[in-house]
Protein chains: 2
Amino acid sequence: MTTSTDKNQDIYKLRGLIKDIESGMLTTIDEHGSLHSRPMAQSTEIQSDGTLWFFTNASSHKVFEIEHRQQVNVSFTSPNQQRYISISGIAELVKDRNKMQELWKPELQAWFSQGLDEPDIALLKVKINRADYWDSHSSFEAQSISL
Amino acid sequence: MTTSTDKNQDIYKLRGLIKDIESGMLTTIDEHGSLHSRPMAQSTEIQSDGTLWFFTNASSHKVFEIEHRQQVNVSFTSPNQQRYISISGIAELVKDRNKMQELWKPELQAWFSQGLDEPDIALLKVKINRADYWDSHSSFEAQSISL
């Protein structure tokens, strides 16, 4: 059984692993079963409820894909540290202005030039189910976290 | 229509994009529909027939997953260069000793300590169908290559 203390520790661990990695690669499945990935800038650290949040355009193809198949992967890699993280989760589109204001940070302007005034801007919420990670400290043996 | 010259140019372009990136993240779909990824060290540059090759353990879970669902994604990221590449393809297990000898390189010893004497060693061949990439030169607009 996973207690809430274990869960907090797991989230803390996972936060530390990805915090210095600016962007992850979000992989989704298209309508033909093909797998595609694209970079997504981290908007915030992993929330205490085990969710990851990204800004997106609501009418982008990945959102269409997620509405059909919610299962996604987000990978984070830090080649300099030889650190690799795989996050498996369930994605959903969230159009909540308050949440957007809470999560917005100026670095995201590179992707959304008009900031929160972009007409199509929305959030992608990924509920983390499992994470696996490899790094030089663990001799590249996979370590797993289930949330 | 894609001519063979176009295809050669596309492969040349893609090779250049990933050649300095030591490892990619291979994403597969498990028996429950969850998406998992793990780092895979590049064994060689993209071959002229549009295939990518990785060494693997034949009895690993990812091979089991691939035997059920051949569609995979391999992503390569180079945060320093702000370069992100998504490769969509079809994976298959190949147990060909000659091909293994052709592709082996000493850097792979970090993952396969006994080298080609590992009892379970095999190859994963990924036939590339499509690649998308983003970098600071293209102002993060996605560029696509279909092979």
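Student: What covers the buried residues of H1(B)?
Tutor: The cover includes strands E4 (71-78), E5 (83-94), E6 (121-134) and E7 (143-146) of chain B. Helices (H or I, at least four residues) and strands (E, at least two) are DSSP runs, numbered from the N terminus. This is a predicted model, where local features need pLDDT of at least 70, side-chain atom pairs count only at pLDDT 80 or more, and totals for chains, interfaces and linings use all residues. Residues are numbered from 1 along each chain as its sequence is written, while chains are lettered from A and ligands numbered from 1 in the order in which they are written.

Student: OK, which residues of H1(B) are buried?
Tutor: Ile11(B), Leu14(B), Leu17(B) and Ile18(B). Buried means 20 or more other C-beta atoms within 10 Å of a residue's own, exposed means 12 or fewer, and partly exposed is in between, with C-beta atoms placed from the backbone.

Student: And which are exposed on the other side?
Tutor: Thr5(B), Asn8(B), Gln9(B), Tyr12(B) and Gly16(B).

Student: Why does Ile66(A) count as buried?
Tutor: Because Ile66(A) has 22 C-beta neighbours inside 10 Å.

Student: What is Ile66(A) in contact with, leaving aside neighbours within four places in sequence?
Tutor: Thr28(A), Val72(A), Ala91(A) and Leu93(A). Contact means that the C-beta atoms of two residues, placed from the backbone, lie within 7 Å.

Student: How many residues does the contact take from each of chain A and chain B?
Tutor: Chain B gives 28 residues and chain A gives 26 residues.
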